[in-house]
Amino acid sequence: MKIVIVGGGISGLACYLFLRKHLPSAYPPDVEVEVTIIESHAATKGKQRSENATDEAAGPVSHTIGAAIGLAPNGLSVLRNLDEGIFAQVANSGYPVSHFELKNAYGWSLARIGATNHQDPELHTVLIGRQRLWDCLRDHVPDEAILDQKIVSGISYTKAQRPVVEFADGSPGLEADLIIGADGAKSVVKRSVTGDGKVDQHPAIFDGLVGVGGFIPSSYLSEKQPRGRMIVTFGSHGFFGYGPSTVAPQSNHFAECTAPMGDEAVWWSTYESKDLPDTRRLDRQDIRRQLKERHAGWKDPVVRKTVDEAVIDSVYPTWIMPDLPTWHTRGIVLVGDAAHAMQPSSGQGASQGLEDAQVLSMFLAHWLERHFSLSATRAGRLPDTVSEAVDQASKQYFEMRQPRVKKITDRAKQMGDMKRKKGLLEEWLTYLILWIIGEPYFDPLDQDGMGPKANIK
């Protein structure tokens, strides 16, 4: 059996690792399983990915695309299910966050939101550089499994209705039993799932929010900032967040306790924009000027210092995926942002991609094992059984995952709206709502999907 994963980001690497974990048990010893990842950028171990490039000469406040992400307890639990070693490597490469502290532009603390799952074992959210998380997963994928710097132009089908990955450079396509689209919000694979393969009938939507951000020395942060705390500040002209993204050397916390911060922290600012910025033609000085204007008068000294010294390389529009009618078709299935790109406010983007990888691989293993166990009575029908297994697995994967993801995206939209520009009344109403909430708790594994839920005292 041959599986091709289009996209070598976090979701794509996770798919590879989960397939390698679960599929061998589903196959007879004489059946070979080949899994290949196709990645448009360089995917060399230990090398900065080209879309995550930093300008190290720019100064102490540098920018990295998608600088850091919060890996929620449910995402960490998925990694633990994958492999204890990978889980430990990821968890200890980031900073454990027990609480988000919500403040306003005047410096008042409004609420605390727990970032812990309150289950056994208790896990904190881990704030980790996106590149660092990618490196941890990439360490466990062999070089020969990745075909990098190859642009996928589309998907075609053979006369036997097997999908084929086609390349923009005209090189021979790759035929497969299953193609997994892990190629992000602008997915090429998605065109063949929800349409005729030529036109994207359900394109990702610019949500009207734009972000900038990067890394700063942790010395910028207050020495009085409690361990495990991440600061999230709302104002009339947007949002600003920051927190440590590394821990002190040899602080192996395994996401189960707080730890002293390391020498690196992350910051990001989100603001509303009616127009989609052209990231190829940016006036960086103007972007920096706008950043300083948006946060002028904000009382937090960390915000002021960061804004004064920030070097901006680009801006990053928020793309969200409309509700797709399906995530799969004949021999093709979508995972991660290709299926459900969501607002960063969800705190669940990477975690949901990891959940996708785990669920899809487990359903594939189940149906392949079931069909191969019947192959002795189905002489000559081996290709059909593989196709049937793929279809059944993809169908059940979608039916299980889509309702959960929809609840998460709906809640994320409510939080994302708080980052938009506000009039005076709306601004103070937002502060009041956050203050009334008190201290919610975060439980992304609850039956309803994603927290936070209000814990009214």
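**Figure 1. The second largest pocket of the predicted model.** On a 1 Å grid over the protein atoms alone, a pocket is an open set of points where a 1.4 Å probe fits, with protein on both sides within 12 Å along at least five of seven lines. Grid points are joined across faces, edges and corners, and a volume is the space filled by probe spheres set on the points. By this definition the second largest pocket has a volume of about 290 Å³. Its lining consists of 19 residues (lining: an atom within 4 Å of a point), and those nearest the centre are Met 321, Pro 322, Asp 323, Thr 409 and Asp 410. Two or more lining residues come from each of E13, helix H8 (337–340) and helix H10 (382–417). The largest share, six residues, belongs to H10. By residue class the lining splits into ten nonpolar, four polar and five charged. Here Ala, Val, Leu, Ile, Met, Phe, Trp, Tyr, Cys and Pro are nonpolar, Asp, Glu, Lys and Arg are charged, and the others, Gly among them, are polar.

Residues are numbered from 1 along each chain as its sequence is written, and side-chain values use heavy atoms, with hydrogens and water left out.

**Figure 2. The protein chain as a whole, for orientation.** The protein chain has eleven helices and 19 strands; these are DSSP runs numbered from the N terminus (helices: H or I, at least four residues; strands: E, at least two). Of its 457 residues, 55% are buried, where buried means under 20% relative accessible area, exposed over 50%, and partly exposed in between (1.4 Å probe, protein chains only). Among contacts (heavy atoms within 4.5 Å) with a separation of 6 or more, 74% are between residues 24 or more positions apart.

**Figure 3. Helix H7 and its packing partners.** H7 spans residues 301–309, and Val 302, Val 303, Thr 306 and Val 307 in this helix are buried. Viewed down the axis of H7, these buried residues fall within an arc of 120 degrees, so they line one face of the helix; the arc is that of the directions from the helix axis to the C-beta atoms. An α-helix has 3.6 residues a turn, so residues three or four places apart point the same way. The partners of the buried residues are strand E13 (205–217), strand E15 (238–244), strand E16 (264–272) and helix H6 (284–294).

**Figure 4. Asp 300 at the start of H7.** Asp 300 lies in the loop between H6 and H7 and is buried, at 7% relative accessible area. One of its side-chain oxygens reaches to within 2.8 Å of the backbone nitrogen of Val 302. The side chain of Asp 300 also makes a polar contact of 2.7 Å with that of Tyr 242. A polar contact is a pair of N or O atoms within 3.5 Å; within protein, one must be able to donate a hydrogen and the other to accept it, and residues adjacent in sequence count only if both atoms are side-chain atoms. Beyond four places in sequence, Asp 300 is in contact with Lys 103, Ile 231 and Tyr 242.

Figure 5. The peptide bond from Asp 120 to Pro 121 is cis, with omega near 5 degrees. Ala 255 lies in the loop between E15 and E16, with a positive phi near 65 degrees. Phe 254 is partly exposed at 34% relative accessibility, whereas Ala 255 is buried at 0%.

Figure 6. Not counting residues up to four places away in sequence, Thr 194 touches Gln 201, His 202, Leu 324, Pro 325 and Thr 326.

Technical notes
This is a predicted model: local features need pLDDT of at least 70, side-chain atom pairs count only at pLDDT 80 or more; totals for chains, interfaces and linings use all residues.
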